[in-house]
Amino acid sequence: MPKPQSEERPYHHGDLRRAIVEAALEILAETQSLEFSLRELARRAGVSHNAPYKHFADKRELLAAVSAAGFEALTKRMAREVAGRGNAREQLFAMLRAYIDHGVANPALYSLMFGGYLGGPDRSRPAIELAEADKTKALLAGVIMTGGLGRVIPHTPRNERKIAGAMLACWSLVHGLTLLLADGLVGPKKKSAVLADSLVQGMLDGLAAELPSLPPGTWVGP
């Protein structure tokens, strides 16, 4: 008796892992919830229900890859905004605005990237996620060091806490504003871009006047 033909979608390119992550990103964007099953994910990707387990031990490992993809997309978006802007201050402003837009447009993904879901008991994060997050941080640090806050800050041991302090000040504002906008706690929505422009510009003006420095022993995640 002939076997029925499989209804699975073939992946001749061999990148099944990426296809599963992209399917998870689609579900997350549509539902804004992490409460989906791997079986549902497999069905969305057009593969057998066991296929995700060939690449991910469990759902947490899958979500770590999804979060990493979120950081990858964020870094690319920020880099696109930097391209073609010769002034470091303009680059930094555009980069921070891109950060806010990314989070507001993808609130569930943003929550996964910066929330506690993937955090371990010792504040550790999955290595795959940290590798991509480090690229985002490096992009931000690079623009700050090249004069994004009105002055060049050479990357020397003496300046490390100053650079980290400037990064934390920028991140604190855009992270908080992103959450407020995404949760609808400030508005109206049609004014969100103008509000973000004003607050980011004001923060950069303040940091240009005086840079904070992290106290010894402190650290900046994610």
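Contact here means heavy atoms within 4.5 Å. Helices (H or I, at least four residues) are DSSP runs, numbered from the N terminus. The model is predicted, so local features need pLDDT of at least 70 and side-chain atom pairs count only at pLDDT 80 or more, while totals for chains, interfaces and linings use all residues. Residues are numbered from 1 along each chain as its sequence is written, and side-chain values use heavy atoms, with hydrogens and water left out.

Helix 5 spans residues 107–114 and is mostly covered, with six of its eight residues buried; buried means under 20% relative accessible area, exposed over 50%, and partly exposed in between (1.4 Å probe, protein chains only). The buried residues are Ala 108, Leu 109, Tyr 110, Leu 112, Met 113 and Phe 114. Their cover includes helix 1, helix 3 (59–82), helix 4 (88–105), helix 6 (127–148) and helix 7 (160–182).

A pair of aromatic rings is described by the distance of the centres and the angle of the planes. Rings of Phe, Tyr and Trp (its six-membered ring) pair if their centres lie within 6.5 Å; planes under 30 degrees apart count as stacked, over 60 as edge-to-face and the rest as tilted. The whole structure holds five aromatic pairs. In one of them, Phe 71 and Phe 114 have ring centres 5.2 Å apart and planes at 70°, so the pair is edge-to-face. Because Phe 71 lies in helix 3 and Phe 114 in helix 5, this pair ties together parts that are 43 residues apart in sequence. Phe 71 is buried at 1% relative accessibility, and Phe 114 is buried at 18%. Phe 114 also pairs with Tyr 99: the centres are 5.8 Å apart and the planes at 50°, so this pair is tilted. Tyr 99 is in helix 4 and Phe 114 in helix 5, 15 residues apart. Ring pairs join Phe 71, Tyr 99, Tyr 110, Phe 114 and Trp 171 into a cluster.

Next comes the packing of helix 1 (residues 16–31) with helix 2 (residues 38–45). Their axes lie 9 Å apart at an angle of about 110°; axes are lines fitted to C-alpha atoms over the stretch in contact, and angles run from 0 to 180 degrees between N-to-C directions. The two helices are therefore roughly perpendicular, a term for angles of 65 to 115 degrees. Ala 19, Ile 20, Ala 23, Ala 24, Glu 26, Ile 27 and Glu 30 of helix 1 meet Glu 40, Leu 41, Arg 44 and Ala 45 of helix 2. Of these residues, seven are nonpolar, none polar and four charged, where Ala, Val, Leu, Ile, Met, Phe, Trp, Tyr, Cys and Pro count as nonpolar, Asp, Glu, Lys and Arg as charged, and the others, Gly among them, as polar.

Two loops have backbone features to inspect. Gln 32, in the loop between helix 1 and helix 2, has a positive phi of about 55° although it is not a glycine. Gln 32 is partly exposed, at 35% relative accessible area. In the loop between helix 7 and helix 8 (192–209) lies Pro 188, and the peptide bond from Gly 187 to Pro 188 is cis, with omega near 0°.

Notes: Parallel < 35°, antiparallel > 145°, perpendicular 65-115°, else oblique.
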